[in-house]
Amino acid sequence: MFSRDRWDEILEALNANKFRTLLTAFGVFWGIAILVLLLALTNGLKNGVTADFGDFATNSMFMWTQGTSKPYKGLPKGRYFNYKVDDVAAIKSQIPNLKYISPRNQLGGYNGANNVVRGTKTGAFEIYGDYPEYIKQQPLDILQGRFISYSDIDAKRKVCVVGTGVVKSLYDKDEDILGTYIKINGVNVLVVGTFKMSNSQGDGEQDANTIYMPFTTFSQAFNRGENVGWMAITAVDDVSITSLKPQIFELMKSRHKVHPEDDRAIGHFDLSEQFERVSGLFSILTFVGYFVGALVLMSGIIGISNIMLIVVKERTKEIGVRRALGASPWSIKSQILQESLVLTILSGMVGISFAALVIWIMNTILDSVGPVQNFANPSVSIQVVFTALIILVVSGLLAGLIPANSATKMKPVDALRIE
Amino acid sequence: MIQIKDLHKSYHMGTNSLHVLKGINFNVKEGELVSIMGSSGSGKSTLLNILGMLDEADSGKYILDNVPIKNLNEKIAAKYRNDFLGFIFQSFNLINYKSALDNVSMPLYYKGVKRKERTEKAMHYLEKVGLAQWSHHLPSELSGGQKQRVAIARALASDPKVLLADEPTGALDTKTSYEVMELIQGINDEGKTILVVTHEDDIAHMTKRIVNLKDGLIIDDSPVQQVRASLHV
């Protein structure tokens with residue numbers, strides 16, 4: 001269909017009125033650029049907001065205890081209770097499709113008092129008793145040494161892994177960290193590793209001021225007995241934690257003599273649900289991006305359609321001559337269609353390139369001024385580019401359709417008579 | 001070559017209907033050079049358009065080179081025009097953004113001839129009309145007579161059976177008209193069948209036969225003594 005002769009014909013026709021061709025092309029150029037930019041900005045917003053979720057496995061929930069709100073089995077309301085270590089085993093054995101269950105205990109916290117001492121230096125940090133699985137739920141970059149292990153858990157070793165913030169406040173520059181001891185609430189603990197958050201946006205400071213210890217060591221050293229402060233539970237990838245959580249709650253309620261309809265006793269935060277909500281929002285935003293972009297593009301397409309109609313009108317006589325020389329109606333039609341297609345695609349490609357340039361500039365600026373709240377790495381995937389190209393091809397054909405039909409509607413004898 | 005029998009054509013404009021051709025009968029043999037004369041409104045252009053398959057008759061028979069021309073759709077009509085006919089117009093109708101060579105090769109393009117062969121043939125016909133050195137000029141850079149000669153080369157390019165010329169000298173001065181007629185006579189001498197519509201007596205007398213139309217009927221159809229255009233140039 002696109003032979004060299006056809007190309008010559010098309011380029012000749014488009015070149016015949018350069019300024020008009022340029023103006024017409026601008027509509028499509030602008031439309032597709034807006035479309036791609038809108039999608040890139042939506043993506044940037046999405047990247048920024050989802051970065052706030054950190055790297056924590058999104059199919060997770062956190063579960064803790066609160067005072068009961070209903071009396072049950074002779075127990076009063078307003079009763080406090082604790083999860084126990086064997087609750088974890090019970091959940092593991094009775095609820096299928098769970099990937100990780102991490103019982104956790106915590107010491108210190110927001111605005112806590114100084115609780116860690118090393119020589120003359122002190123600091124207030126968050127100290128957690130954790131299982132080795134926790135690093136799979138909350139990815140950490142281990143900078144030196146290692147994370148806690150199951151042999152630490154079994155032997156109740158007094159070891160810990162410290163965050164970069166801890167290192168900064170307790171150690172001098174270039175000091176060896178591994179193998180040193182720090183005193184946590186009066187208990188000497190060996191430092192076996194340092195870490196930083198894999199993705200620290202927003203809460204980086206707090207995360208860096210964190211110390212992880214083996215769960216069993218923590219319980220024994222700080223008198224927690226069999227108690228579990230809270231649990232971080234992650235479901236397997238294709239089962240949503242939201243669908244599993246009623247079963248878990250039911251189990252916990254029955255094990256702790258909580259009224260089955262007591263909604264207050266078990267507190268939880270469903271990360272998956274929150275994440276779904278946010279990603280739902282961004283699907284809508286992406287749709288809006290496509291919709292608005294497509295509307296802007298449409299005015300460009302109508303521009304092309306309009307100009308092609310004028311071109312056909314202007315060339316009525318030429319079309320008549322061509323038909324007298326033996327041009328079939330289809331060859332006339334396809335020429336008009338191809339002209340509009342070439343015009344649309346060329347200007348669209350330039351539009352996409354322009355949008356890519358703007359995105360690149362945005363990213364360069366973002367890189368140089370550092371992270372911006374709720375906005376990061378605006379970009380579009382190659383699929384979006386292909387979608388845009390398909391939109392261009394379809395709209396180019398649509399733009400040419402009416403003019404192409406009107407080009408052959410007139411009888412050649414009438415077309416030739418036009419002056 | 002051309003056989004026409006009882007050809008009728010009328011135009012409808014709103015409630016008015018205009019009966020333009022009221023039963024035309026005539027035949028043209030191969031190698032003839034015929035002029036069709038008549039005052040404006042006599043139906044000579046309509047007749048030529050029907051012969052050129054640019055327009056369709058209401059009734060009557062039209063046989064071109066033993067092929068009955070009827071119930072044409074546009075696709076077949078386009079193919080017949082390309083195969084059988086060459087058109088020469090009063091206002092030349094060259095495509096103004098194409099060079100003389102490209103204009104001449106256009107019918108060959110629609111015939112599906114390969115680029116190289118097309119250029120060779122087009123060049124050959126440009127030489128024939130004496131414009132080889134103008135092949136890369138745009139129509140706007142040519143004089144009226146030159147334009148018409150390019151148009152004649154274009155009409156010849158696809159080697160048609162019949163040339164149809166609608167007032168070929170209507171836009172030219174006398175001297176150039178005679179030059180163009182000399183060319184047409186030369187082509188006819190080589191055996192090409194040519195029909196010329198004109199209202200100029202001197203041009204008509206340069207053909208071999210004059211058909212006179214009046215009010216949609218042939219009132220006179222007689223051979224004439226051909227005047228060679230070269231005598232006037």
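Guide: Let us start with a loop of chain B: Met53(B) lies between α1 (44–51) and β4 (59–64) of that chain. Helices (H or I, at least four residues) and strands (E, at least two) are DSSP runs, numbered from the N terminus. This is a predicted model, in which local features need pLDDT of at least 70 and side-chain atom pairs count only at pLDDT 80 or more, while totals for chains, interfaces and linings use all residues. Residues are numbered from 1 along each chain as its sequence is written, and chains are lettered from A and ligands numbered from 1 in the order in which they are written.

Visitor: Why is Met53(B) called buried?

Guide: A residue is buried if 20 or more other C-beta atoms, placed from the backbone, lie within 10 Å of its own, exposed if 12 or fewer, and partly exposed in between. Met53(B) has 24 such atoms, and is therefore buried. Its phi is positive, about 60°, although Met53(B) is not a glycine.

Visitor: What makes Asp174(A) exposed?

Guide: Asp174(A) has 5 C-beta neighbours inside 10 Å, so it counts as exposed. Asp174(A) is found in the loop between α6 (164–170) and β9 (181–184) of chain A, and has a positive phi of about 65° without being a glycine.

Visitor: How do you know which residues belong to the contact of chain A and chain B, and how many does each chain give?

Guide: Two residues are in contact if their C-beta atoms, placed from the backbone, lie within 7 Å. The contact takes 17 residues from chain A and 21 residues from chain B. On the side of chain A, α11(A) gives the largest share, four residues.
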